[in-house]
Amino acid sequence: MPPISPHCLLLLPLCTTLHGLTMPPPTPIPHLHNNSRLSDGDGKTADGAFPRQLAALTGLINVNLAGNNFGGKPIPSSIIDLPKIISMTLSYNGFGGVIPTGIEKLTKLASLSINDNNLEGTIPQGIKNLKNFYSFDFRNNTQLSGSLPDFANDGVACIGENTNVCVPDGHKGDSCGITKACPYTAPAGSDCAILQDAIPSLFKDVFCCKVDGVSCDADNRATKLLLPNKSISGQLSVKIGGLTKLQELDFSNNDIEGPLPDVFDKLTSLTSLNIANNKLTGPIPKTLAQLASITKLDISGNTGMDGALPGFPATLADCKGTNTGICVPQDVTLAQSCGVTKDCPYIAPDGSDCATLQSQLPLFYKDKFCCKVPGTPCNKDGRVTLIIKPGPKKTGKRDVTSIINGPFPDLGNLTYLEKIDFSNNDIEGPLPELFDKLTSLASLNVANNKLTGPIPATLAELASLTKLDISGNTGMDGTLPGFPATLADCKGTDTGICVPAGLTGTNCGIETKYDHHNNHGHDDHDHDH
């Protein structure tokens with residue numbers, strides 16, 4: 001028999017010489033009827049091994065072996081040794097295993113059909129480099145997976161339905177009828193991996209810089225995340241601290257919950273943060289409060305947020321914090337209150353003036369920083385100098401919620417007090433013997449209360465006192481003491497106090513004189529004691 005032409009498409013029995021290559025006589029192989037089907041000569045589909053002799057036909061340009069049954073055997077790797085092959089059809093053969101690698105060596109390959117087999121694994125990515133490739137049919141291989149190559153030839157037509165192959169993000173060519181998107185692998189050095197972990201609902205399996213509302217620099221580092229109304233839920237991940245190029249962040253009107261992560265010290269380029277109307281809880285992180293770059297902040301509408309408003313840098317010109325549980329600390333002056341009006345409960349240090357007032361006058365000072373309570377100014381050291389708390393005048397209906405009642409408060413350690421005004425309240429009982437401790441007190445007004453008993457000796461001996469009003473306390477009694485000459489203004493009318501005979505100094509407007517014999521006052525006579 002003459003040598004078989006290397007361009008032959010029929011494989012004949014007992015073929016032994018191919019282009020001068022002598023081979024041992026092989027087992028006869030069936031004919032290829034109509035250039036398409038491997039047959040045993042009776043028209044039946046052949047079972048068994050793939051013809052090994054095919055690899056010797058190095059001049060083949062077209063192979064069609066569709067419709068045979070190779071019983072789950074893999075496509076032999078020897079097919080990559082057919083350097084001139086242009087078209088190869090291996091459909092409907094029951095092939096299993098993977099597509100042979102090295103297929104890119106078939107540089108003339110233009111058409112490949114491997115559809116309707118049982119192939120698994122992935123499509124070799126080298127196939128994308130075949131410049132003459134224009135047709136690829138790999139459908140109905142349900143175990144075939146991996147990503148669809150992006151072919152060098154943009155005109156490749158392909159069919160890939162009913163497989164597990166996916167289309168990678170940014171794929172430029174024909175998608176082969178595949179709708180499944182590949183899981184996205186973030187470029188090295190980009191922020192996409194961070195965003196995939198932090199907000200998978202928006203960034204899983206996608207190139208982050210192409211998501212609406214995201215801006216990136218040339219290195220795929222996120223500079224803006226403007227993502228309001230995106231149904232983002234769950235807690236905000238600490239991984240956002242890795243977005244070190246971020247300048248603007250808007251997560252407003254989502255369902256983010258839990259506390260803000262304390263990672264803002266890493267976001268040194270952040271100028272604007274809007275997280276309004278979420279479900280955030282807890283305080284403002286310290287690292288956010290200390291962020292020198294921040295100029296705009298909106299945390300409003302997070303009713304679960306609490307804690308004290310921190311002292312932001314003066315650079316924060318636009319801040320909104322309404323409709324939250326956040327409060328303003330009372331003992332510091334803030335450059336930016338963010339519209340928050342609620343005062344934080346104030347716990348005064350033990351032994352301080354404010355602690356005394358919280359204890360003795362809770363009506364006005366409970367949970368309050370005393371120096372900011374109206375009528376209670378303090379000096380630069382935080383020591384109370386005045387207590388001006390007169391009650392409503394005792395005419396008509398009085399607001400009992402603002403009236404001091406009970407005994408006179410123990411203010412003995414408020415040693416910087418210069419003035420006390422408790423007039424028109426309902427203080428009862430005697431004035432306490434504590435005025436020797438209030439050596440700076442210049443004015444005391446306790447008029448129109450329910451005081452009883454005598455004027456304390458320590459008050460009478462108070463050298464700093466210049467003004468005293470005890471009038472209207474009908475239950476007060478005893479004799480008027482001799483006050484120091486420094487007491488220039490004194491009122492004691494409408495009390496039970498009497499003036500002793502021989503009193504020197506002010507009589508506080510009291511005309512009654514003390515009667516030594518029967519304790520009745522007389523207008524004309526003084527008696528010695």
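1. Let us start with C490 and C508, which are joined by a disulfide with an S to S distance of 1.9 Å. A disulfide here is a pair of cysteine sulfur atoms within 2.5 Å. The torsion about this S-S bond is about 85°, so the link is right-handed. The two cysteines come from distant parts of the chain, 18 residues apart: C490 sits in strand β30 (residues 489-491), and C508 in the segment after β30. Strands and helices are DSSP runs numbered from the N terminus, with at least two residues (E) for a strand and at least four (H or I) for a helix.

2. A word on what you are looking at: this is a predicted model, in which local features need pLDDT of at least 70 and side-chain atom pairs count only at pLDDT 80 or more, while totals for chains, interfaces and linings use all residues. Residues are numbered from 1 along each chain as its sequence is written, and side-chain values use heavy atoms, leaving out hydrogens and water.

3. Are C490 and C508 buried or exposed? C490 is buried, because its relative accessible area is 11%, and C508 is buried at 1%. The cut-offs are under 20% relative accessible area for buried, over 50% for exposed and partly exposed in between, using a 1.4 Å probe and protein chains only. Another cysteine, C498, is buried with 14%.

4. How many disulfides are there by this rule? The count comes to 9. In general, a disulfide is a covalent bond between the sulfur atoms of two cysteines.

5. Have a look at C192 and C208 too, a disulfide with sulfur atoms 2.0 Å apart. With -70° about the S-S bond, this link is left-handed. It ties together distant parts of the chain, 16 residues apart: C192 belongs to helix α1 (residues 192-198), and C208 to the loop between α2 (200-203) and β12 (214-216). C192 is buried at 0% relative accessibility, and C208 is buried at 1%.

6. C371 and C378 form a disulfide as well, S to S 2.0 Å. The value about its S-S bond is -90°, and the link is left-handed. C378 counts as partly exposed, because its relative accessible area is 22%.

7. Now for the nonpolar cores, meaning sets of buried Ala, Val, Leu, Ile, Met, Phe, Trp, Tyr and Cys residues joined through side-chain atoms within 4.5 Å. The largest has 49 residues, and F203, L225, F251 and L273 have the most contacts inside it. The elements giving two or more residues to this core are α1, β13 (222-226) and α3 (286-289). Of these, α1 gives the most, with 4 residues.

8. Which residues does L225 touch, leaving aside neighbours within four places in sequence? With contact meaning heavy atoms within 4.5 Å, the partners of L225 include L195, F203, V214, L243 and F251. Apart from this core lies another, of 46 residues, among them C354, C370, L451 and L487.

9. Finally, find the open sheet of 5 strands, with parallel pairing and the order β5-β6-β7-β9-β11. Two strands pair if DSSP finds at least two bridges between them. β5 (62-64) and β11 (157-159) are at the edges with a single partner strand each, so one side of each has no neighbour in the sheet. Inside the sheet, β7 (residues 111-113) and β9 (residues 135-137) pair in the parallel sense over 3 bridges, and the bridge partner of L112 in β9 is F136.
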